[in-house]
Amino acid sequence: VAAMNATIPVINAGDGGHNHPTQTLADLLTIYRELGGLDNLIDPKAKDAATLKYMAYDSQKEERLLEDPSLLRTPIVRNGKQATVGYCPEVWETWE
């Protein structure tokens, strides 16, 4: 509901009873570390992907990705400390 009425980007970080915002941040940090940085999360086929390469700071890229999630490669899948980006069933099969 908040995202539909907000004038700024909103990330669903849970409702407190099921998911917690700090857990979402921990998940994002794990994904970032496992995948080797933001550049590996960017879909090179996305319309404005080339623009992100010229941004000097990760904070600028993060802001742009939050503004336009279509720039992200999907799916982003996390299993504990393991993560993949893109469709990787052969990797997921090896996860316990």
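**Questions on a predicted model**

Me: Is R78 buried, exposed or partly exposed in this predicted model?
Reply: R78 belongs to strand β1, which spans residues 76–79. Its relative accessible area is 35%, and since buried means under 20% and exposed means over 50%, a value in between leads to one class. R78 is therefore partly exposed.

Me: In what order do the elements of the protein chain run from the N terminus on?
Reply: The protein chain contains five helices and two strands. Strand β1 covers residues 76–79, strand β2 covers 82–85, and helix α5 covers residues 89–92. Read from the N terminus on, the elements run α-α-α-α-β-β-α.

Me: In which helix of the protein chain is confidence highest?
Reply: Across the protein chain the pLDDT averages 80, and 78% of the residues score at least 70. Confidence is lowest in helix α1, residues 2–5, where the mean is 65. At the other end of the scale, with a mean of 92 over residues 89–92, stands helix α5.

Me: How many residues make up the largest nonpolar core?
Reply: The members of the largest nonpolar core include I31, L35, L52, L65, L71 and V85. Helix α2 (21–35), helix α3 (49–53) and strand β2 (82–85) each supply at least two residues of this core. In soluble globular proteins, nonpolar side chains tend to be buried together. Here the number of residues in the largest nonpolar core is 12.

Me: What share of the residues of the protein chain count as buried?
Reply: The accessible surface of the protein chain comes to about 7300 Å², and carbon and sulfur atoms account for 54% of that surface. Among contacts between residues at least 6 apart in sequence, 40% join residues at least 24 apart. Of the 96 residues of the protein chain, the share that count as buried is 22%.

Me: Why does A46 count as buried?
Reply: A46 is found in the loop between α2 and α3, and it is one of the residues of the largest nonpolar core. Not counting residues up to four places away in sequence, A46 touches S70 and L71, while its C-alpha atom is separated by 8.6 Å from that of R73, 27 residues apart along the chain. Because buried means under 20% relative accessible area, A46 counts as buried at a relative accessibility of 14%.

Me: Which residue is joined to R64 by a side-chain polar contact of 3.0 Å?
Reply: R64 is found in helix α4, which covers residues 58–67. Leaving out residues up to four places away in sequence, R64 touches L52, M55 and L71, among others. The side chain joined to that of R64 by a polar contact of 3.0 Å is that of D48.

Me: Which side chain is joined to that of T84 by a polar contact of 2.8 Å?
Reply: T84 lies in strand β2 and counts as buried, at 7% relative accessibility. Leaving aside neighbours within four places in sequence, T84 is in contact with residues including L35, P75, I76, V77 and W95. The polar contact of 2.8 Å joins the side chain of T84 to that of W92.

Me: How is the aromatic pair of Y87 and W92 arranged, stacked, tilted or edge-to-face?
Reply: The structure holds one aromatic pair. Y87 and W92 form this pair, at 5.5 Å centre to centre and with 90 degrees between the planes. Y87 counts as exposed at 65% relative accessibility, whereas W92 is partly exposed, with a relative accessible area of 24%. Since planes over 60 degrees apart fall in one class, the arrangement of Y87 and W92 is edge-to-face.

Me: What is the omega of the cis peptide bond that joins T74 and P75?
Reply: P75 lies in the loop between α4 and β1. Most peptide bonds are trans. The bond joining T74 and P75 is cis, and its omega is about -5 degrees.

How values were computed. Residues numbered from 1 in each chain as written. Heavy atoms only, no water. Helix = DSSP H or I, 4+ residues; strand = E, 2+ residues; numbered from the N terminus. Buried < 20%, exposed > 50% of the residue type's maximum accessible area, 1.4 Å probe, protein only. Contact = heavy atoms within 4.5 Å. Areas by Shrake-Rupley, 256 points an atom, 1.4 Å probe, with all protein chains shown as cover. Polar contact = N/O pair within 3.5 Å; in protein donor to acceptor, adjacent residues only side chain to side chain. pLDDT = per-residue confidence, 0-100. Core = buried A, V, L, I, M, F, W, Y, C linked by side-chain atoms within 4.5 Å. Phe/Tyr/Trp six-rings, centres within 6.5 Å; stacked < 30°, edge-to-face > 60°.
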